[in-house]
Structures are given as C-alpha cells and as structure tokens.
Protein chains: 2
Amino acid sequence: MTTLIDGTTTALRIRARVAEKVAHSVRIHKRAPGLATILVGDDPASAVYVAAKRQAIREAGMRDVHHTLPAEASYPAVAALIDQLADDPDVCGILLQLPLPKGLDSAALIDRIPVTKDVDGLTTASAGLLARGADGLRPCTPAGVLWLLDAEGVELRGAHAVVVGHSELVGRPMARMLLQRDATVTVAHKHTVNLPSITRLADVLVVAAGVCGLIGAEHVKPGAAVVDVGIHRTDHGLRGDVRSRELQGHAGLLTPVPGGVGPMTIAMLLANTLVAFEQGQP
Amino acid sequence: MTTLIDGTTTALRIRARVAEKVAHSVRIHKRAPGLATILVGDDPASAVYVAAKRQAIREAGMRDVHHTLPAEASYPAVAALIDQLADDPDVCGILLQLPLPKGLDSAALIDRIPVTKDVDGLTTASAGLLARGADGLRPCTPAGVLWLLDAEGVELRGAHAVVVGHSELVGRPMARMLLQRDATVTVAHKHTVNLPSITRLADVLVVAAGVCGLIGAEHVKPGAAVVDVGIHRTDHGLRGDVRSRELQGHAGLLTPVPGGVGPMTIAMLLANTLVAFEQGQP
C-alpha cells in the first residue's frame, strides 16, 4: 500500500493557522505583516507564480505590497526598490521573484534583502545560518518537504535520505536540513554513476532533479518515502520527476504532482513571513 | 599497494610558494600581508596551535600580529579587539583561536570578523558563500583535504565520496566542497545505521569523526582513497580516526597521522591569507 501525501490539505491547514495568528495580531497590535513581492519583467510563468503568492498573502490577512518593474529595469533601479523596502518598517518580508531578466545579477540583488526580511531564505546570509545550523529563515520548498515528512511521522534520525539534484534553491539546502535532523544524507546528481544503486539506498528519497519522469520503480527501495519536487507541463497534464504510477504499491509514501510539495511552498512563505513579523515586533 | 599521501611535503611546498609570493610583494609594493592571531585564555593545546601558526606566519614572511587576552576577558573586550583588527589596513587576516573560554559566544565573535579577512573560513558569511557555491575563503582543513586529493590526481567528478562526521569545522564544509566538485556525496555520523555498509560505498572516504580508531578494513572498499582528519594523543603516540595498519595493502591511498592532513591546515591558512591580501590590494 502506498500512501499519497496530501500537500494541498496540509498547506491549507498551515495557511489557516497563519491567518488566525495574523488576525490575532491585528486585533491586539493593530498591525498586519506586510509581505512585498517584486516582479521584474513580464515572464508569464513568473507572473502566474507572483499572482498566486499575492492571493495567498491577502487570504492570510497580510498586507500585499507589490511592485512590478519593466523588463529593462536597471540594476540600480531594482536595488533602490529593495533598499526602500528594506527600510520600510511596515514590510517584514521581501520576495524577489526569480528568474530575473538576463543581465541583472540575481545573487547580488537577492543579497540586498536584509536577512531578517529574507522570507525566501535565499540570501547568502540565510544560507550561512543554515550551513552553520543556526536559527534563520529557511528556503520554502525544502522547508515544505520537511513539514510533510514530519506530518506523516517519518523518522529522520538515522534514516538514509537521498536527495537527487543539487540546485541552490532545493537540493543543497534540503540536504543540509536533513543532515540537521540527523539523517545520513546522500546527494546525487547528473554526474552520479549508477543512480538507481544510490537511490535504492534511500529510506527517504527527495527528487529535485528537474527531469520529467527520471525516477521509476527500479530506483526505489520498497516501502521508501518518496517526495517529488519536480513539476513539468506535458501533453498529459502536470507531471513530476517521478513516474508515480510505477510506484503505486511499491513506495510506502509518495507525494503526488500536482498537490504534493507545490502547495507547501506558498504555505512556508507565509509561515516564514509570520516568523519574520513576530521577530521584528518591538 | 597502498600509497601513503605525504601531507608534510605538500604543505611545505605550498608554504614555500606562498613565501615566494610574499617576498615578491614586499619587493614590489613594500608591503607584507599581516595575519592577526587572537588567543583568549591559557588552554595549553590552543597555545601550542597558535605558536605553530605564528611560526609559520613568520616563516612565510608575513607580519605576525598577535594578541593574547586573559581567560576572564569579557565579550566586549574580545569584540573590541576584533573590531580594531577589522579596521586595521595592515591586517588582512584575522584568526580567533577556538575553543574560547566558557561563557564567550564564539559564533557571535567569529561573525565580527569581516568576510574579506576571514582566513579561517568560519564566519556565517563565508559559510553562506560556500553553501551558495560562490567564491570565498574556505575552511582550512577541508581545503587541505581537497588539495591533497587533487595533488594525487584523484578524480572527484562522479566519484562517491563519503564523509564521516558532520562537524561545522570539517564534515559539513567538506561535504559541500566535494559536492561542488561534482562528487556524489554522503555524510555519515554517529546516528548512521550500519556505518560499514555506508563507508564501503566510498571511492573517497574522508574520516572526521573525532573517534580514535573508528574506521578499519571492514569499512573500506579495496582501492579507495582514505583521508584521516582525526588526531588523538594515545599511549602509543599520535593516532587518527583510522586504524591505518589494517588498511595497508587494502586502501589505494591513505593519509598518515601524523604527517597527512594536519600540516595542510596551516598551509591553507597561509594560502587563504595570501588570497585575502591580494584581494585587498588597491
């Protein structure tokens, strides 16, 4: 029996709890957390993502502070906007939607976001706090994966967790976070030799390779927990990095695509914003 | 046949090259890099380590800027000294010897060192740069391990590297640096179940567990490269985390203790200082 992990419901439950706390803060302190989103240019996928985030921000009762800059915006223009939001006491979180138009230095712009307002957890400062095991805001997608595993009661201490993919946004911070939870952690990627022999070691397999249908039954130890971070638009609808039909009755736990990790990312963004807000309160 | 990796000679060769470049800089620019060491209290082991570092600093032709503070030095006193060295244009590297006396917040004091002068690579900012795969000064011990592996021509891309130990000083940055070199990387530690089954996967095995004689022949795939970061004073002399006699004729490459990784740490400190100096040049 394979249990499908319902990320949609878990995410909504988290968002409801965040909304409750925001409502409480508004009643008591007369203040709501402000979350600023910045969209540069008109990439359609980015526009959709930002719209979804803004709707969730408003549904949580937070202040939706949005700025759109034209695709040809200069580095100083984007930097000035970030600096202005960094100084704004009514903004407790800043999200710069990636990717930026070519020619803009994403890493340098992200690093202008103060670590206390880095609700995406993507600045060098936040990465350093995570690397050192210190408290800090964590990247939303790996945080969502951990939350789902915890919600299902998956024991991480001593488990062998294998992460496929070593991207800066997901794979690397995911590995670090699993290590902090005392899992034995392996990171595999496109240079890995004999991938199935590595992934079959996993009690917990997190797939964030960005390759549609990369992982099938031959990659998975029977009974393992499999988390699929991939999302791909195909002629047959949305698909993940995992060939999920092959894993039915084979994996112990499996996150579907859609409805698994995806919805958790926004929930974690709101949870991070609440933390940033509460830590910024006098 | 097991090849013993001679860290002593490699380290001396690096130090000779650093000394040459320092001498060149002194001739041309009339300036030598200044490396400041701070020893707080009178821990005998720390005193020995700092003395060894200072001798190497002088032998490299660098300026040896040393400060000793009493064991009862307050946090503000240590912080003020770090701030003064941070502002000193004649100091290009700052090393705060650890461990500090109990009661002093090491992490906060380390983080006062500017990232450009962080020749030990231990600040949150340096950890963040490493985590993000950006340029920066790397922690000396894992940098020394990589140098030795490179010097022996060990192919890292696609190799399975297993790191035993997930300390902040060695295990974690080591894993990150091996991943950056496109190795498949596993981190094992005291919560790992069936350690030999994990370590036997390794083409490259880096042992930094801090447990004397932890690793024997049963942990090692025949022909693997084994790097022993441990160092323990025993009744039979210095020993590592690896039972090296068992690995003779079994491992492909092996670092001895002493004379393996140990001497590389100081060599990397000097190499980092030279980088910090050159980057700080007008």
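This is a predicted model: local features need pLDDT of at least 70, side-chain atom pairs count only at pLDDT 80 or more; totals for chains, interfaces and linings use all residues.
UniProt annotations may be inferred rather than shown by experiment, and their positions follow the numbering used here. With that in mind, the unreviewed UniProt entry places a "binding site" at G165(A), H166(A), S167(A) and I231(A).

G165(A) belongs to the loop that runs between strand β5 (160–164) and helix α7 (171–180) of chain A. Its relative accessible area is 7%, and because buried means under 20%, G165(A) is classed as buried. Leaving aside residues up to four places away in sequence, G165(A) touches G171(A), V187(A), A188(A), H189(A), A208(A) and A209(A).

I231(A) is found in another setting, the loop between β8 (225–228) and β9 (232–234) of chain A. Here the relative accessible area is 48%, so I231(A) is partly exposed. With residues up to four places away in sequence again left out, the contacts of I231(A) are L238(A), R239(A), G240(A) and V257(A).

Stepping back to the whole chain, chain A is divided into domain 1, covering 29–115, and domain 2, covering 140–262. The centres of these two domains of chain A, taken over C-alpha atoms, are separated by 29 Å.

The largest nonpolar core comprises 100 residues, and L178(A), V206(A), L178(B) and V206(B) have the most contacts inside it. Apart from this core lies another, made of 21 residues that include V78(A), L85(A), A86(A) and I110(A). As for the surroundings of V206(B), this residue touches V145(B), V162(B), V163(B), V164(B), M174(B), L178(B), V227(B) and V229(B), not counting residues up to four places away in sequence.

A disulfide is a covalent bond between the sulfur atoms of two cysteines. A search of the whole structure, over all chains, finds zero disulfides. C212(A) has a relative accessibility of 39% and therefore counts as partly exposed. C212(B), at 41% relative accessibility, likewise counts as partly exposed.

Finally, the two chains can be set against each other. Chain B is superposed on chain A by a rotation of 180° with 0.0 Å of shift along the axis, giving an RMSD of 0.0 Å. This is the relation of a two-fold axis. Both copies use the same surface, as 100% of the contact residues of chain B recur in chain A.

Terms used
Residues are numbered from 1 along each chain as its sequence is written. Chains are lettered from A and ligands numbered from 1 in the order in which they are written. Side-chain values use heavy atoms; hydrogens and water are left out. A nonpolar core is a set of buried Ala, Val, Leu, Ile, Met, Phe, Trp, Tyr and Cys residues joined through side-chain atoms within 4.5 Å. Buried means under 20% relative accessible area, exposed over 50%, partly exposed in between (1.4 Å probe, protein chains only). Contact means heavy atoms within 4.5 Å. A disulfide is a pair of cysteine sulfur atoms within 2.5 Å. Domain bounds come from an automatic or database domain assignment. Helices (H or I, at least four residues) and strands (E, at least two) are DSSP runs, numbered from the N terminus. Copies are superposed by least squares on the C-alpha atoms of residues with pLDDT of at least 70 in both.
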